[in-house]
Amino acid sequence: MRVIEISCLEVWREISNYLDGEVDAELRARMEAHFKACAHCKAVLDGTRNVVKLVGDGIEYQVLEGFSKCLYVKIKGSDPSGFESS
């Protein structure tokens, strides 16, 4: 059976369905062929698989005190109290 190529964008749209086993055999074959040829999409697949595993395992992780504020400052570039960080 000849596998018809698939674009990266199509792969990204279907990656969640692929991991859930909710794509038909033809699309699965196209995606698997793409993963073998495209290192970027393979990395996206591996990363998505890791996120699903981490979120789905039900384990809560404790973070250090002040971590949330520090993260907020890094993301927003400002203090959550409204003062700009230096």
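**Helix packing, first entry**

I began with α2 and α3, which are roughly perpendicular to each other, a term that covers angles of 65 to 115 degrees, while angles under 35 count as roughly parallel, over 145 as roughly antiparallel and the rest as oblique. Their packing angle is about 110 degrees and their axes lie 6 Å apart; the axes are lines fitted to C-alpha atoms, for helices over the stretch in contact, and the angles run from 0 to 180 degrees between N-to-C directions.

**What I am working with**

I remind myself that this is a predicted model, in which local features need pLDDT of at least 70 and side-chain atom pairs count only at pLDDT 80 or more, while totals for chains, interfaces and linings use all residues. Residues are numbered from 1 along each chain as its sequence is written, and side-chain values use heavy atoms, with hydrogens and water left out.

I found 4 helices and 0 strands in the protein, and the elements follow one another from the N terminus as α-α-α-α; helices (H or I, at least four residues) and strands (E, at least two) are DSSP runs, numbered from the N terminus. Of the 86 residues, 17% count as buried, which is to say under 20% relative accessible area, with exposed meaning over 50% and partly exposed in between (1.4 Å probe, protein chains only). Among contacts between residues at least 6 apart in sequence, 45% join residues at least 24 apart.

**α1 against α3**

I next looked up helix α1 (residues 8-19), whose axis comes within 10 Å of that of α3 and crosses it at roughly 30 degrees. The two helices are therefore roughly parallel to each other, and their crossing is right-handed. On the α1 side the contact is made by Cys 8, Val 11, Trp 12, Ile 15, Tyr 18 and Leu 19, and on the α3 side by His 40, Cys 41, Val 44, Leu 45, Thr 48 and Arg 49. I counted these by class as 9 nonpolar, 2 polar and 1 charged.

**α1 against α2**

For this pair I noted axes that come within 11 Å and cross at roughly 115 degrees, in a left-handed crossing. Cys 8, Glu 10, Val 11, Glu 14, Ile 15 and Tyr 18 of α1 meet Leu 27, Arg 28, Arg 30, Met 31, Glu 32, His 34 and Phe 35 of α2, and the classes here are 7 nonpolar, 1 polar and 5 charged.

**Single residues**

Is Leu 45 buried or exposed? I read a relative accessibility of 3% for Leu 45, so this residue counts as buried. Leaving out residues up to four places away in sequence, Leu 45 touches Ile 15, Tyr 18, Leu 19 and Phe 35.

Neighbours within four places aside, His 34 is in contact with Ile 6, Ser 7, Cys 8, Val 11 and Cys 41.

Glu 10, in helix α1, is partly exposed at 34%, and its C-alpha atom is separated by 8.9 Å from that of Met 31, 21 residues apart along the chain.

**Length of α3**

Last, I checked helix α3 (residues 39-56), whose 18 residues reach 25 Å from first C-alpha to last, close to the 26 Å expected from 1.5 Å times one less than the number of residues. Just after α3, Gly 58 takes a positive phi of about 80 degrees.

How values were computed:
A crossing is left-handed if the near helix is turned anticlockwise from the far one by less than a right angle, and right-handed if clockwise. Contact means heavy atoms within 4.5 Å. Ala, Val, Leu, Ile, Met, Phe, Trp, Tyr, Cys and Pro count as nonpolar, Asp, Glu, Lys and Arg as charged, and the others, Gly among them, as polar.
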